[in-house]
Amino acid sequence: MAAVSGGGPRIPSVRIGPVDLAARVDEALAVQALAFGLGPEEVEVRRHIVLRHLDHPHARALGATTAGERLVGFVYGMPNERGQWWSTVVEPYLRATGSAHWLDDSFVITELHVLPEFQNRGIGRALITAITDAVDQPRSILSAIDAESPARGLYRSLGYQDLARQVLFPSAPKPYAVMGAPLPLRRKG
């Protein structure tokens, strides 16, 4: 378990470590709702999706928790399989850019979210590097809203590069970018 120091007297330190995300799905979705701006209907739909993902035999999840065990961030993912829904949606976009091979032998970061008041303190970086350091795949892929944002900046600083942009997911209001990075992820400095 890793520790990330707080950002002053109002922000406590957090621990990064394994978490039973299925047992804490409602807490995780509350974090995601605040971090990603989701409404109650979207949260309910995502609840079933998250539980289905976590049922995958090779899914991994890490949490960022305070000393009082409050979940303030989480990440989860799994090895990519071409038959998974996400993979089938992004494959045509990756094929168009000559990047479809990234779908093979890669670890997908399915979700990474940190409560807004805990952002910009290294927690997201600690979560994503810890989860990818523990996998056997030689690369990682993820999707992020296709706009300049702190999340995209974090991913780039870790070595992720755009593989495809303007990726449209059914029912998503904004286009996404698919990004990939060789593992291990780049460290600061």
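Author: Gln166 lies in strand β7; helices (H or I, at least four residues) and strands (E, at least two) are DSSP runs, numbered from the N terminus. Although Gln166 is not a glycine, its phi is positive, about 60°. With a relative accessibility of 45%, Gln166 counts as partly exposed, a class that lies between buried (under 20% relative accessible area) and exposed (over 50%), computed with a 1.4 Å probe on protein chains only.

The model is predicted, and residues are numbered from 1 along each chain as its sequence is written. Local features need pLDDT of at least 70 and side-chain atom pairs count only at pLDDT 80 or more, while totals for chains, interfaces and linings use all residues; side-chain values use heavy atoms, with hydrogens and water left out.

Strand β7 (161-167) is part of what covers the buried residues of helix α3, as are β5 (106-114), β6 (139-145) and β8 (176-182). Those buried residues of α3 (residues 85-96) are Trp86, Ser87, Val89, Val90, Glu91 and Leu94. After α3 comes Gly98, with a positive phi near 75°.

Met179 is a residue of β8. Its relative accessibility is 0%, so Met179 counts as buried. Contact here means heavy atoms within 4.5 Å. Leaving out residues up to four places away in sequence, Met179 touches Ser140, Ile141, Leu142, Arg152, Tyr155, Arg156, Tyr160, Gln161, Asp162 and Leu163. From Met179 to Arg60 the separation is 119 residues in sequence and 20 Å in space, C-alpha to C-alpha.

The segment after β8 contains Pro184. The peptide bond joining Leu183 and Pro184 is cis, with omega about 0°. Leu183 is also touched by Gln137, whose other contacts, not counting residues up to four places away in sequence, are Pro79, Asp105, Ser106 and Phe107. Gln137 sits in the loop between α4 (123-133) and β6, and is buried at a relative accessible area of 15%.

On nonpolar packing, a core is a set of buried Ala, Val, Leu, Ile, Met, Phe, Trp, Tyr and Cys residues joined through side-chain atoms within 4.5 Å. The largest has 41 residues, and those with the most contacts inside it are Leu21, Ile109, Leu127, Ile128, Tyr155 and Tyr160. Strand β4 (residues 71-79) gives the largest share of this core, 6 residues. Apart from it lies another core of 15 residues, including Leu103, Leu163, Val167 and Val178.

A second residue other than glycine with a positive phi is Glu69, near 70°. Glu69 is located in the loop between β3 (60-66) and β4, and at 37% relative accessibility counts as partly exposed. Glu69 is in contact with Glu27, which also contacts Leu71, neighbours within four places in sequence left aside. Glu27 belongs to helix α1 and, at 33% relative accessibility, counts as partly exposed. Between Glu27 and His53 there are 26 residues in sequence and 16 Å in space, C-alpha to C-alpha.
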